[in-house]
Amino acid sequence: MRRAFSHRVRFRPPARRAVIDINACIGQYPYRHVPHPDPDVLVRVLAREGLSGAWVGHLPSAFHRDPSAGNDVLFAALEAHADRLRAVPCIRPDWPNWERAFASCVDRRVPAIRAYPPQWGLGADDASMRALAAACGAAGVALVLTARFEDLRQRHWMDQAGDLAAAAIRNVARGNTRTRIVVCAAGRGTIEETHWGLTPEERELVFWDISWIWGPPEDELAMLFRTIGAQRFVYGTAWPLRLTQTPRANLALLPDDVAGAALADPSAW
Amino acid sequence: MTPAAAPLAGPGPLIDVHAHFFFADCGRAEWDSLNRARFRAGDRIGITYHVASILGSWGRWSPTYFASPADTTLGNDAMQAIATHHEDCVRWYVAVNPNDTRHALAEIDRRVEGGAIGVKLAAARRADDPLLDPIAERAGAGGLPILHHIWQHRRRHWPSQDASDGVDLARLAARHPTVSFILAHIGGGGDYAHTFAAVRDVPNVYLDLSGSGVDRGMLDDAYAAVGAHRLLWGADITLCTGLAKLWALEVIGLTSDELADVRWRNASRIFPPGAFPPTSPPRRD
């Protein structure tokens, strides 16, 4: 039986417009060595991959209690590459006077704010995360969440944070009327549990990067394009942790009916 | 071939040493579309040969990693039928459960007659268990490589399998130095860095690059540990990550000769002679 899909994907030639990577970081990862996670290398990788720029976070900050110092490092490190790399600092909303740090970041014209609820021990219904989401909307910046950094099967025994739960994403997305929420490195299950657990209006503000969604033979990316629409997705690589070639390969292997589908364009936000 | 249809992985032979297929009795209603998707993506990537196995009924009638003799036979029947139907681009492993030695050896003998070119062992017994010795001996006698399912660094018990790691497989490989062992999916879960240390000095263990894991540094470290002559390309059940790794191999410093080793020449060397004749582009029906 033919399935009825809510979204018909328009046929388009392969995209030639500028594409940015919204899921990149600089800095080392605490649980394994990562080769040269430096901004100048990232700029070269983006050029090789045909990407016009990246939203860049500071990887170690996800594991720090207070991310303030990491934000300073991030801003300083990206200064020389401001034409390609845009800093996405990290704000911890359960920290005293976080609003001051948030305002300082917004003043620097950042496109988005990163937050890591599992790494900070914030539960799925945490009120401070809703406050941060609201502040992002009021300031006109996106909120970037990360579902995971590594495959669950390979985690270091000290890495007990767990994946970002779909419930935690719904927590910030429900009732949201103006904040764009970008979730990195989620898989099909988390995406579907969130998307279909929101109203149509709430869904329109949630975006997913394609760095961790499977292609053929399961063809989960194609299925999600058909069911919830390619415009709900953005380009992300998870550099420096994962191969930047992966999302490019995934798009190249899409079946004909969804090949060339246009993703959302965060550079226009 | 028109430029638009040029293989995404570039010209030249390409052998996927770790593929799987499904069949009507395996309990997945979409079995046929999964197989078609593999062929579609394989053609797009430029895979010359899928070397595949089917593990029993994929859990429908007995557990995937502890398949009953009847299920093992059922899966091998299905695999043989697919390979026969797609002779142009499919080669196959006979899958066996080492707990039933007599059945396992009989399956190997019968399926080699039917065209199998390797043996697939999963996780019904640890790799260093003596029950694997007669299977390794039979594989050695027939010049068949053994593809062994591996959990990279087994630090605890994982449900539904008696998984082995690189250390376990290295012990088996040391007992059978003339047999080629393919250590499955370094990107398939666990700590691959432990695996590289475990097999670096075991020359008859080859690393299969398949699995969903695409960590930066993994390919570089595998290459540094065992060299290009002991790496084999494969995709397992995520062809997108397989293609990404092929593209990544091109930028981490392998020479074109070394790339050819990983893409197909190493496989040609360890599988029986004549297993992979040169082909023209496949036709699908």
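**Entry 1: a histidine in chain A**

I began with His36(A), which sits in the loop between strand E1 (20-26) and helix H1 (39-49) of chain A. The model I am reading is a predicted one. I looked up the backbone angle: phi of His36(A) is near 25°, a positive value in a residue that is not glycine. I noted the background too: most residues other than glycine have a negative phi. Is His36(A) buried, exposed or partly exposed? I found 13 C-beta neighbours inside 10 Å, so His36(A) counts as partly exposed.

**Entry 2: a histidine in chain B**

I turned to His185(B), in the loop between strand E6 (181-183) and H6 of chain B. His185(B) also has a positive phi, about 30°, and is not a glycine. Is His185(B) buried or exposed? I put it down as buried, because 27 other C-beta atoms lie within 10 Å.

**Entry 3: cis peptide bonds in chain A**

I reminded myself that most peptide bonds are trans. Then I looked for exceptions. Pro216(A) and Pro217(A) are joined by a cis peptide bond, with omega about 5°. I placed Pro217(A) in the loop between strand E7 (206-209) and helix H8 (220-228) of chain A. The bond from Trp239(A) to Pro240(A) is cis as well, and its omega is near 10°. I found Pro240(A) in the loop between strand E8 (233-234) and H9 of chain A.

**Entry 4: an alanine in a loop**

I picked Ala24(B), in the loop between E1 and H1 of chain B. Why does Ala24(B) count as exposed? I counted 10 C-beta neighbours inside 10 Å, and the cut-off for exposed is 12 or fewer. I also checked a distance. Ala24(B) and Ser57(B) are 33 residues apart along the chain, and their C-alpha atoms are separated by 9.4 Å.

**Entry 5: helix pairs**

I took H5 and H6 of chain A to start. The axes of helix H5 (residues 166-173) and helix H6 (residues 188-195) of chain A come within 9 Å and cross at roughly 35°. The crossing of H5(A) with H6(A) is right-handed. From H5(A), the contact uses Ala166(A), Ile169(A), Arg170(A) and Ala173(A); from H6(A), it uses Thr190(A), Glu193(A) and Thr194(A). I sorted the contact by class: 3 nonpolar, 2 polar and 2 charged residues. I kept one rule beside this list: an α-helix has 3.6 residues a turn, so residues three or four places apart point the same way.

I moved to chain B. Helix H6 (residues 192-199) and helix H7 (residues 218-226) of chain B pack at about 10°, with axes 9 Å apart. That angle makes H6(B) roughly parallel to H7(B). On the H6(B) side I listed Tyr192(B), Ala193(B), Phe196(B) and Val199(B). They meet Met218(B), Asp221(B), Ala222(B), Ala225(B) and Val226(B) in H7(B). The contact of H6(B) with H7(B) has 8 nonpolar residues, no polar ones and 1 charged.

Next came helix H2 (residues 69-85) and helix H3 (residues 101-113) of chain B, which pack at an angle of about 15° with axes 11 Å apart. H2(B) and H3(B) are therefore roughly parallel to each other. H2(B) passes H3(B) in a right-handed crossing. I saw Pro69(B), Thr72(B), Thr73(B), Asn76(B) and Gln80(B) in H2(B) meeting His103(B), Glu107(B) and Arg111(B) in H3(B). By class, I recorded 1 nonpolar, 5 polar and 2 charged residues for the contact of H2(B) with H3(B).

**Entry 6: where the chains meet**

How many residues of chain B are in contact with chain A? I found 26 of them, touching 22 residues of chain A. Helix H1 (31-45) and helix H8 (239-249) of chain B each supply at least two residues to that side of chain B. H8(B) gives the most to it, with 8 residues. By class, this side of chain B has 12 nonpolar, 6 polar and 8 charged residues.

**Entry 7: the core**

I ended with the largest nonpolar core, which has 180 residues. Val56(A), Ile113(A), Leu143(A) and Ile181(A) have the most contacts inside it. H8(B) gives the most to this core, with 8 residues. I then followed Leu143(A). Beyond its neighbours within four places in sequence, Leu143(A) is in contact with residues including Ala112(A), Ile113(A), Val172(A) and Ile181(A).

Terms used: Residues are numbered from 1 along each chain as its sequence is written. Chains are lettered from A and ligands numbered from 1 in the order in which they are written. This is a predicted model: local features need pLDDT of at least 70, side-chain atom pairs count only at pLDDT 80 or more; totals for chains, interfaces and linings use all residues. Two residues are in contact if their C-beta atoms, placed from the backbone, lie within 7 Å. Helices (H or I, at least four residues) and strands (E, at least two) are DSSP runs, numbered from the N terminus. Ala, Val, Leu, Ile, Met, Phe, Trp, Tyr, Cys and Pro count as nonpolar, Asp, Glu, Lys and Arg as charged, and the others, Gly among them, as polar. A nonpolar core is a set of buried Ala, Val, Leu, Ile, Met, Phe, Trp, Tyr and Cys residues joined through C-beta atoms within 7 Å. A residue is buried if 20 or more other C-beta atoms lie within 10 Å of its own, exposed if 12 or fewer, and partly exposed in between; C-beta atoms are placed from the backbone. Axes are lines fitted to C-alpha atoms, for helices over the stretch in contact, and angles run from 0 to 180 degrees between N-to-C directions. Angles under 35 degrees count as roughly parallel, over 145 as roughly antiparallel, 65 to 115 as roughly perpendicular and the rest as oblique. A crossing is left-handed if the near helix is turned anticlockwise from the far one by less than a right angle, and right-handed if clockwise.
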